[in-house]
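Hi,

Here's the structure I promised to pass along.

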Amino acid sequence: ITTCAAVAVAKAIELNSAKEAKIKWVNDIFVEDKKVSGILTEASIDLETGGLKYAILGIGINVFPPCEGFPEELKDISTSIFDEQDRSGERRSKLIADILSIFMKYYKDIDKKPFFQEYKNRSMILNQEINVIKGPNQVLNALALDIDDDFHLKVRYSNGDIEYLNSGEVSIKKSTTKED
């Protein structure tokens, strides 16, 4: 559900703006290399049947910049879809309607994952050096190799080990260059 929503949000952003939207595995949407949206899903499994009991999907989107601007700690890593002068309820309503329309189109066949290739094509981390954050004091260097059919991220660590991640936090390694 989270990955389906990520594709729906990315496509709706592009339908409503002139901006390209990319997905940072597994649930963040970026525009111009800055985060514009985050998606969280909470679910409950029926212990008797093993099936999904319910899922709650939350999508946060920076539709417009804050009136006072992004706080200092976020201004270099966050952005909004529309500029200050574009602040209208009509644009927000159209964006939401498009997200829901695209999501529901995919959701009716969610078990077939009709959005899988679109999700993978929009990945901003594939073939990139990343940091896999395993805990507060454990960050491992890896290369993002692939996203499998279950949306697990295949990574190769610097020691050569390969792992399929099904959840967790990753960040793109910033290249560091020395100036002479």
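A quick word on naming before the details: helices and strands here are DSSP runs, numbered from the N terminus, and a strand needs at least two residues. Also keep in mind that this is a predicted model.

With that naming, Leu145 sits in strand β6, which covers residues 138-147. Is Leu145 buried, exposed or partly exposed? Buried would need under 20% relative accessible area and exposed over 50%, so Leu145, at 23%, counts as partly exposed. Its contacts, leaving aside residues up to four places away in sequence, are Leu126, Asn127, Lys154, Val155, Arg156 and Ile162. Glu129 is 16 residues from Leu145 along the chain, and their C-alpha atoms are 9.4 Å apart.

Now the helices. α1 (residues 2-16) packs against α2 (residues 89-107) with the axes 8 Å apart and an angle of about 140 degrees. The two helices are therefore oblique to each other, and α1 passes α2 in a right-handed crossing. Residues that meet there include Cys4, Val7 and Ile13 from α1, and Leu95, Ile99 and Phe103 from α2. By class, this contact has 14 nonpolar, one polar and four charged residues.

Last, the core. The largest nonpolar core has 43 residues, and Ile13, Ile130 and Leu153 have the most contacts inside it. α1 gives the most to this core, with nine residues. If you click on Leu153, look for its contacts beyond four places in sequence, among them Trp25, Ile125, Ile130, Ile147, Tyr164 and Val170.

Cheers

Technical notes:
Residues are numbered from 1 along each chain as its sequence is written. This is a predicted model: local features need pLDDT of at least 70, side-chain atom pairs count only at pLDDT 80 or more; totals for chains, interfaces and linings use all residues. Side-chain values use heavy atoms; hydrogens and water are left out. Axes are lines fitted to C-alpha atoms, for helices over the stretch in contact, and angles run from 0 to 180 degrees between N-to-C directions. Helices (H or I, at least four residues) and strands (E, at least two) are DSSP runs, numbered from the N terminus. Angles under 35 degrees count as roughly parallel, over 145 as roughly antiparallel, 65 to 115 as roughly perpendicular and the rest as oblique. A crossing is left-handed if the near helix is turned anticlockwise from the far one by less than a right angle, and right-handed if clockwise. Contact means heavy atoms within 4.5 Å. Ala, Val, Leu, Ile, Met, Phe, Trp, Tyr, Cys and Pro count as nonpolar, Asp, Glu, Lys and Arg as charged, and the others, Gly among them, as polar. A nonpolar core is a set of buried Ala, Val, Leu, Ile, Met, Phe, Trp, Tyr and Cys residues joined through side-chain atoms within 4.5 Å. Buried means under 20% relative accessible area, exposed over 50%, partly exposed in between (1.4 Å probe, protein chains only).
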